[in-house]
Amino acid sequence: MDNDAIIDRFTAYIEGERRYSPLTVRNYRHDIASFAAWGASEAAGGGTADSAEGGFDLCRVRGEDVRAWVMHLSDEGRMNNASINRCMASLRSLYRYLRREGIVHTNPFAALAPLRTSRRLPRFVPEEDMSRVVQSVLDRLGGDDARQRRDALMVLVIYTCGLRLAELTGLDRDDIVNSGSVLRVHGKGDKTRLVPLVPRVAREIQRYLDTFSDGKICRSDEKALFLSGKGRRISRSDVQRSVGRLLRECGVNGKCSPHVLRHTFATHLLNDGADLRQIQELMGHTSLKATQVYTHNNIAQLQRIYAAAHPRSHAERKP
């Protein structure tokens with residue numbers, strides 16, 4: 001079995017049996033194909049296990065080949081450690097599959113530990129800034145510009161429901177359920193969750209839906225909730241541009257993206273006393289560990305408040 005056949009077979013497995021999202025499937029395939037291309041280049045120069053045969057076989061990879069690949073990615077800052085670890089995770093998954101299928105009997109990644117990465121706190125919009133954004137969004141929802149109304153509603157839905165970018169673009173009109181009070185979200189791993197809608201958001205969604213029948217702006221066979229200018233399901237890149245532009249227009253500093261709004265949703269819930277398990281369920285996290293990262297933002301906020309307000313927080317003051 002050649003490398004292309006292995007990649008195709010593994011891609012079909014994670015897509016059909018594991019039900020990974022299209023984005024995850026694309027990333028895994030890209031990582032593995034990049035590794036195979038690097039290996040072929042190295043083999044041509046005599047640097048891998050297959051150099052004698054003039055080729056590179058994914059089934060004959062050695063631990064030293066993997067270490068050389070990691071060094072290649074690290075050299076001259078081609079990739080940071082977090083990105084390298086993501087690529088390694090894709091390949092670990094491949095070799096678990098190949099061992100399970102009896103195609104290979106060793107794991108070249110067995111002795112290779114993930115690289116150290118610095119823990120980065122999720123970026124979020126402070127509550128006072130987000131209040132300004134929400135007010136601007138509500139003002140735009142009352143306007144006549146269809147694109148501005150769509151963009152404003154997308155920002156409101158992401159912030160009040162904590163959606164991932166792919167979850168937003170995957171929403172259909174019939175995902176508004178329970179008399180319009182609940183949003184059915186299709187998350188990672190083909191898992192579905194129900195997220196309650198704030199009454200004001202539910203009303204704005206209904207107003208938006210009414211434009212489908214009143215204005216006939218979508219194609220008859222289109223079921224997506226959010227549409228592009230051509231009346232088709234909006235793309236991920238369109239959402240990123242639209243959301244980023246609106247946040248910047250509202251004066252938000254730093255990174256402006258849909259995922260920042262998702263982080264903002266979780267951080268604001270935690271700051272207002274929500275339970276971690278509840279936040280985990282609302283965000284569709286499989287593991288509580290993924291949700292616990294927001295507690296660091298909460299602690300950082302408390303430290304800033306302490307430093308600003310406590311009379312003994314300054315080093316020059318004696319206890």
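The largest nonpolar core here has 41 residues, and Val157, Leu168, Leu183 and Phe226 have the most contacts inside it. A nonpolar core is a set of buried Ala, Val, Leu, Ile, Met, Phe, Trp, Tyr and Cys residues joined through side-chain atoms within 4.5 Å. Buried means under 20% relative accessible area, exposed means over 50%, and partly exposed is in between (1.4 Å probe, protein chains only).

Keep in mind that this is a predicted model: local features need pLDDT of at least 70, side-chain atom pairs count only at pLDDT 80 or more, and totals for chains, interfaces and linings use all residues. Residues are numbered from 1 along each chain as its sequence is written, and side-chain values use heavy atoms, with hydrogens and water left out.

At least two residues each come from α5 (127-141), α6 (146-161), α7 (165-169), β2, α8 (199-215), α9 (236-249) and α10. The top contributor is α6, with nine residues. Helices (H or I, at least four residues) and strands (E, at least two) are DSSP runs, numbered from the N terminus.

Now for the rings. The structure holds 11 aromatic pairs. Rings of Phe, Tyr and Trp (its six-membered ring) pair if their centres lie within 6.5 Å; planes under 30 degrees apart count as stacked, over 60 as edge-to-face and the rest as tilted. Two of the pairs involve Tyr97:

| Pair | Centre to centre | Angle between planes | Type |
|---|---|---|---|
| Phe10 and Tyr97 | 5.7 Å | 55° | tilted |
| Tyr13 and Tyr97 | 4.6 Å | 25° | stacked |

Phe10 sits in helix α1 and Tyr97 in helix α4 (residues 81-100), so their pair ties together parts that are 87 residues apart in sequence. Tyr13 is in helix α1 too, so the Tyr13 and Tyr97 pair ties together parts 84 residues apart in sequence. Phe10 and Tyr97 are both buried; for Tyr97 the relative accessibility is 6%. Tyr13 is buried as well, at a relative accessible area of 11%. Elsewhere, Phe35, Trp38, Phe56, Trp69, Tyr95 and Phe109 form one aromatic cluster.

Helix α10 (residues 258-271) also has a couple of threonines to look at. Thr264 has its place in that helix and is buried, with a relative accessible area of 0%. Setting aside neighbours within four places in sequence, Thr264 is in contact with Phe124, Val125, Met130 and Tyr159. Thr267 lies in helix α10 and is buried at a relative accessible area of 1%. The side chain of Thr267 reaches the backbone oxygen of His263 at 2.8 Å.

Arg19 has a positive phi of about 60° although it is not a glycine. Arg19 is found in the loop between α1 (3-16) and α2 (22-44) and is partly exposed, with a relative accessible area of 45%. Asn178, also not a glycine, has a positive phi near 55°. That residue's place is the loop between β1 (176-177) and β2 (182-186), and Asn178 counts as exposed at 53% relative accessibility.

How values were computed
Contact = heavy atoms within 4.5 Å. Polar contact = N/O pair within 3.5 Å; in protein donor to acceptor, adjacent residues only side chain to side chain.
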